[in-house]
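Below are a few numbered remarks to read alongside the coordinates.

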Amino acid sequence: MRVLGIETSCDETGVALYDTDGGLLADALYSQVALHAEFGGVVPELASRDHTRKLLPLVDQVLADAQLTKHDLDAIAYTAGPGLVGALMVGACTAHGMARALDIPVLGVHHMEGHLLAPMLEETAPEFPFVALLVSGGHTQLVDVRGLGDYRLLGESVDDAAGEAFDKVAKMLELPYPGGPQVAALAERGRSERFRFPRPMTDRPGLDFSFSGLKTHTLTALRQLREQGALDDQARADVARAFEDAVVDTLIIKCRRALKESGRTRLVVAGGVSANRRLRETLDIALARLGARAFYPRGRFCTDNGAMIAYAGAQRLIAGQRSDAIQPRPRWPLAELTPPPAPRAV
Ligand code: KG4
Ligand code: ZN
């Protein structure tokens with residue numbers, strides 16, 4: 001089954017073509033980063049308009065790259081939520097319109113299920129069951145994944161998401177949007193021994209996270225350095241490093257705890273923050289000590305992309321799941337998902 005995947009939940013227009021027999025055939029991404037940069041964050045109305053401009057040309061590009069036409073498509077999957085309602089609407093309307101015209105099935109996919117399954121596109125894909133750490137701009141969640149659509153929330157952030165904290169700290173450091181990769185690059189030049197920031201909520205049991213206190217701690221540290229006239233380039237890099245180390249350590253402590261409590265030996269790490277190099281390196285070492293292993297998507301599939309939506313959609317479409325209505329879901333808890341219907345007997 002050849003499935004076209006469409007992602008338009010936030011500020012990236014992603015399109016990909018996944019074949020359940022041949023794997024990923026093509027993918028293309030248009031990032032709106034430059035469009036939103038001057039506002040320091042995503043402007044929803046501008047995002048929707050830009051998706052409208054870019055989506056169909058990207059569909060054409062992906063089909064051309066795969067040397068196929070739209071008549072070779074067997075189904076379409078799109079992100080139905082969570083995300084910005086206008087942006088989601090662009091993908092949903094385009095997907096339903098194309099599917100109606102081509103007389104093929106269409107399915108709305110959960111964005112975080114897409115992230116969670118993205119490592120399945122890699123050569124060494126994880127087998128079920130596993131624990132997933134979902135770390136993006138909007139979510140920080142630990143999920144016990146028993147199978148497709150069988151998700152149990154183990155813990156989540158009670159305030160800011162990890163990516164959001166990176167983005168806010170980037171603003172404090174006057175780095176451009178989106179801040180995560182910028183803070184990570186600055187931290188490369190930072191020294192880990194100069195400051196030690198708190199590891200929030202690690203001193204008590206449980207698997208929830210909180211990053212807002214760490215954010216305030218970072219702001220206070222920067223303010224003090226500024227008042228002392230000591231906020232030079234090295235100090236900014238040292239603060240970025242202290243912040244990154246604190247986030248990475250906190251995530252790792254909770255991942256280890258989740259693996260121990262659930263008895264799982266595989267950890268999937270996905271979402272934008274899973275691109276963070278220090279997180280990956282430190283986690284790999286920590287998990288090896290536990291006899292466990294982490295699985296990540298390739299770099300460009302950590303952040304939003306069409307391939308993860310095509311893949312996740314294909315797993316459900318092949319089982320017969322369909323969406324009859326255009327119904328974006330800006331808020332949509334992952335735990336509400338259920339496994340696809342059992343394959344019908346022939
Ligand atoms: O998954 P994603 O593309 O979008 C959402 O679904 O939210 O994640 C974007 C988030 C942003 O907050 C961005 O700053 C963060 O991922 N991010 C990073 C890195 N690359 C992206 N954070 C830390 N280190 C990185 N290398
Ligand atoms: Zn995302």
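1. Let's start with Lys 254, which lies over the face of Phe 209 at 5.8 Å from the ring centre. A charge sits over a ring here if NZ of Lys or CZ of Arg is within 6 Å of the ring centre and within 35 degrees of the ring normal. Lys 54 is placed likewise over the face of Tyr 30, at 4.2 Å from the ring centre.

2. A word on provenance: this is a predicted model, where local features need pLDDT of at least 70 and side-chain atom pairs count only at pLDDT 80 or more, while totals for chains, interfaces and linings use all residues. Residues are numbered from 1 along each chain as its sequence is written, chains are lettered from A and ligands numbered from 1 in the order in which they are written, and side-chain values use heavy atoms, with hydrogens and water left out.

3. How many aromatic pairs does the structure hold? There are five, a pair being rings of Phe, Tyr and Trp (its six-membered ring) with centres within 6.5 Å; planes under 30 degrees apart count as stacked, over 60 as edge-to-face and the rest as tilted. Among them is the stacked pair of Phe 128 and Phe 130, 5.4 Å centre to centre with 15 degrees between the planes. Phe 128 is partly exposed at 32% relative accessible area, whereas Phe 130 is buried at 0% (buried is under 20%, exposed over 50%, partly exposed in between; 1.4 Å probe, protein chains only).

4. Phe 209 also forms a stacked pair with Phe 211, at 6.1 Å centre to centre and 15 degrees between the planes. Phe 209 is buried at 0% relative accessibility, and Phe 211 is buried with a relative accessible area of 0%.

5. Next, the helices (DSSP runs of H or I, at least four residues, numbered from the N terminus). The axes of α7 (residues 212-227) and α8 (residues 233-262) come within 11 Å and cross at roughly 165 degrees; axes are lines fitted to C-alpha atoms over the stretch in contact, with angles from 0 to 180 degrees between N-to-C directions. That makes α7 roughly antiparallel to α8, a label for angles over 145 degrees. Residues in contact (heavy atoms within 4.5 Å) include Leu 214 and Leu 222 of α7, and Val 239 and Phe 243 of α8.

6. Finally, Gly 155 is found in strand β8 (residues 150-156) and is buried, with a relative accessible area of 3%. Leaving aside neighbours within four places in sequence, Gly 155 is in contact with Thr 140, Gln 141, Leu 142, Leu 207 and Asp 208.

Definitions and conventions:
Helices (H or I, at least four residues) and strands (E, at least two) are DSSP runs, numbered from the N terminus. Angles under 35 degrees count as roughly parallel, over 145 as roughly antiparallel, 65 to 115 as roughly perpendicular and the rest as oblique.
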